[in-house]
Amino acid sequence: MKFIFALRARLRAAHADHWAIARSMAWIVLFVLLAALARAAREMAIAYRYGVGAEVDAYLFVFGLVTWPIGIWLSVLTVVLVPLSVRDRHDVSNRGSGFRAEVLGLTLLLGLGLALFAWIGLPLLLRSSWTGLPEHSLMLALDMVPTLALLAPLGVLISLLSVWMLAAGRHVNTLLEGVPSLGLLLVLLAFPGTSVEPLVWGTLAGYLCHLISLLFPLGSRAEVGRPRLTRRAQDWPVFWQGFGIMLVGQALMSLTTIIDQFFAAHIGVGAIATLSYANRILTLAMAIGATAVSRATLPVFARVQVERAGQLGALAGHWVQLLFGFGLVAMLIAWWLAPWVTRIFFERGAFTAADSETVAQVLRYGLPQMPFYFASLVLVSLLVSQRNYQVIAVVSGLNLAVKTIANVILVPLLGVGGLMVSTSIMLGASCLFLIAAVKKRY
């Protein structure tokens, strides 16, 4: 009874900033859970239809290459535009209606350029000997390129609209992230068979539906106007100041995923699919907390940095400890549930019991990354709120070096599992790098 009273008193005494983060996390967790269920259903349908065959290898290889720059664009916009938006809300004299139109114009040009590059460049890359794809997987991948290249303009535009909604504090954007999965799922259910066309066209349909779902709420508030191709808005110098550094950092960090695909392709048929299925379950376990952490802490940290910068270190330190502990508990639970969850999600149709055992084993290799990942997200939000992009870029480069060296050592020993272990080592090193960088400032 005394413990309950003490806990209640401590909660009542908590600062408003902690409550703001907690409330945001609660809403985001709900929305992420719903979006994650949509993704889980999609993965079940893919596993049932294609198992761990060459079709999945080819699809994931091309999809990963096409969406790699989209992920970089989303990450950079998130860390640059959100703090900039917070600053503009505190400085009414700095609000320029033309900045959004000009960012939209830049995004459209980028999307068209990426689509053209993917359409021309990916076939050349896929045909090179060092990609490691077996012949059948290579032929399937080449056939997918023209359609999946269209994801580039859709993806960069979706990223911009999503960041605008995040900057406005409308967390329904998180819920809408499940729309692409629902679109693909519906197409797979509507068109049975073993052909890869439903997989490819369903992905494109899902992205298109996601774009439309974002345009409606933003358009109803007149937050999306005509794009401009000029660069006259006064926010551009601040935008470019962080953009270049974060672009390099995010490119280096996200390159680890591409490197894993190339390592997996050389292991043999089914390796990319096995890695993907294990990562899907791991992402499902981590996405709820990870998305909630980053999207709840960044706006609050940015506001505290503007209003009470001296208190930011203590606030972030509290959440680093809390979320590292949460990650440890989640890791232990996930280790115990891994075989059962794998069977429940995937073991049906073309996905056999042997496939379940392999995926569960690979999944367990990746679980130690959870506590380091959650803690690192808080530290990254702290650095972003201070526009300390140089540290993030340097840490990203170090992560890439650690990941590559670990892959070279561990993949010959553990196969696909080595790719997961190397990710855990990379995230552990990343967390230590970030802690060292933050301690220099506080």
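Hi everyone, let's start in the middle of the protein: the largest nonpolar core has 118 residues, and L126, Y277 and M370 are the ones with the most contacts inside it. Helix α3, residues 54-90, supplies the largest share of this core, with 18 residues. Please keep in mind that this is a predicted model.

Let me stay with Y277 for a moment. Which residues does Y277 touch, leaving aside its neighbours within four places in sequence? On one side of the sequence we have E43, I46, A47, G51, V52 and V56, and the list also includes F346, F351 and V359.

Now to the aromatic rings. Searching the whole structure turns up 17 aromatic pairs. Take F99 and W236: their ring centres are 5.1 Å apart and their planes sit at 70°, so we call this pair edge-to-face. Here distant parts of the chain are linked, since F99 belongs to helix α4 (residues 97-127) and W236 to helix α10 (residues 236-267), 137 residues apart.

W236 has another partner, F239, again edge-to-face, with 5.3 Å from centre to centre and 85° between the planes. These two both lie in helix α10, three residues apart, which is about one turn of the helix.

Are W236 and F239 buried or exposed? W236 has a relative accessible area of 3%, so it is buried. F239 comes out at 0%, so it is buried as well. F99 is buried too.

How values were computed
Residues are numbered from 1 along each chain as its sequence is written. This is a predicted model: local features need pLDDT of at least 70, side-chain atom pairs count only at pLDDT 80 or more; totals for chains, interfaces and linings use all residues. Side-chain values use heavy atoms; hydrogens and water are left out. A nonpolar core is a set of buried Ala, Val, Leu, Ile, Met, Phe, Trp, Tyr and Cys residues joined through side-chain atoms within 4.5 Å. Buried means under 20% relative accessible area, exposed over 50%, partly exposed in between (1.4 Å probe, protein chains only). Helices (H or I, at least four residues) and strands (E, at least two) are DSSP runs, numbered from the N terminus. Contact means heavy atoms within 4.5 Å. Rings of Phe, Tyr and Trp (its six-membered ring) pair if their centres lie within 6.5 Å; planes under 30 degrees apart count as stacked, over 60 as edge-to-face and the rest as tilted.
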